[in-house]
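Q: I have a model open and want to learn how to read its features. Where do we begin?

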Amino acid sequence: QVQLVESGGDSVQAGGSLRLSCAASTVTYASKCMGWFRQAPRKEREAVALFYTGTRSTYYTASVRGRFTISHDSGRNTVYLQMNSLEADDTGMYYCAVRWGVCTFDRSSYTYWGQGTQVTVSS
């Protein structure tokens, strides 16, 4: 039902910044969680930042808190991830995902996934 397309991934030096975008194909009045996940080589996919449209609440994993900011533009039906002070450990494939209802950090709870956009941070 929901198609997601990510963009903005790139190769940057440590300390640099990137902004990822995730455009949703459909508009809905139902509250949902739109999240950013990442998967580094040989590691499992983890939630990075989550946005709940019902209350505009945000949630972050500890390793990115203070450096990353998730935001949502309802008019453009797009969620963004502003990433500052990037570190080598931030390297990975970043995916946008959506589930109906409130946010969770459990990747298995998300119904829709984008194709991913690669972020590479060199030091």
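A: Begin with the rings. This is a predicted model, and the count comes to five aromatic pairs.

Q: What kind of aromatic pair do Y95 and W113 form?

A: Look at the angle between the ring planes. Over 60 degrees counts as edge-to-face. Y95 and W113 form such an edge-to-face pair, with 80° between the planes and 6.4 Å centre to centre. Y95 lies in strand 9 and W113 in strand 10, so the pair ties together parts that are 18 residues apart in sequence.

Q: Which residues form one aromatic cluster?

A: The cluster consists of F37, Y95, Y110 and W113.

Q: Over the face of which rings does R45 lie?

A: R45 lies over the face of Y95, at 3.8 Å from the ring centre. R45 also lies over the face of W113, at 5.0 Å from that ring centre.

Q: Are Y95 and W113 buried or partly exposed?

A: Under 20% relative accessible area means buried. Y95 has 14%, so Y95 counts as buried. W113 has 26%, so W113 counts as partly exposed.

Q: Now the disulfides. How many does a search of the whole structure find?

A: The general idea comes before the count. A disulfide is a covalent bond between the sulfur atoms of two cysteines. The search of the whole structure finds two disulfides.

Q: Which parts of the chain does the pair C22 and C96 link?

A: C22 and C96 form a disulfide, with their sulfur atoms 2.1 Å apart. The pair links distant parts of the chain: C22 is in strand 3 (residues 18-24) and C96 in strand 9 (residues 92-100), 74 residues apart. C22 is buried, at 0% relative accessible area. C96 is buried too, at 0%.

Q: Why is the disulfide of C22 and C96 left-handed?

A: Read the torsion about the S-S bond. For C22 and C96 it is about -80°, so this disulfide is left-handed.

Q: What is the handedness of the link of C33 and C103?

A: C33 and C103 form a disulfide with sulfur atoms 2.1 Å apart. With 100° about the S-S bond, the link of C33 and C103 is right-handed. This pair also links distant parts of the chain: C33 sits in strand 4 (residues 32-39), and C103 in the loop between strand 9 and strand 10 (112-113), 70 residues apart. C33 is buried, at 0% relative accessible area. C103 counts as buried at 16%.

Q: What is the pairing of the bonded cysteines in sequence order?

A: Number the bonded cysteines of the chain in sequence order. The pairing is then 1-3, 2-4.

Q: Next, single residues. Which residues does T78 touch, not counting those up to four places away in sequence?

A: T78 is found in strand 8 (residues 78-83). By that count T78 touches S21, C22, A23, S71, H72 and D73. C22 is one of the disulfide cysteines. A polar atom of the T78 side chain lies 2.9 Å from the backbone oxygen of R76. T78 is buried, with a relative accessible area of 8%.

Q: Where is the place of S25?

A: S25 is in the loop between strand 3 and strand 4. S25 is partly exposed, with a relative accessible area of 45%. Not counting residues up to four places away in sequence, S25 touches Q1, V2, Q3 and N77.

Q: How many residues apart in sequence are S25 and Y60?

A: S25 and Y60 are 35 residues apart in sequence. In space they are 25 Å apart, C-alpha to C-alpha.

Key: Residues numbered from 1 in each chain as written. Heavy atoms only, no water. Disulfide = S-S within 2.5 Å. Helix = DSSP H or I, 4+ residues; strand = E, 2+ residues; numbered from the N terminus. Buried < 20%, exposed > 50% of the residue type's maximum accessible area, 1.4 Å probe, protein only. Polar contact = N/O pair within 3.5 Å; in protein donor to acceptor, adjacent residues only side chain to side chain. Contact = heavy atoms within 4.5 Å. Phe/Tyr/Trp six-rings, centres within 6.5 Å; stacked < 30°, edge-to-face > 60°. Lys NZ or Arg CZ within 6 Å of the ring centre and 35° of its normal.
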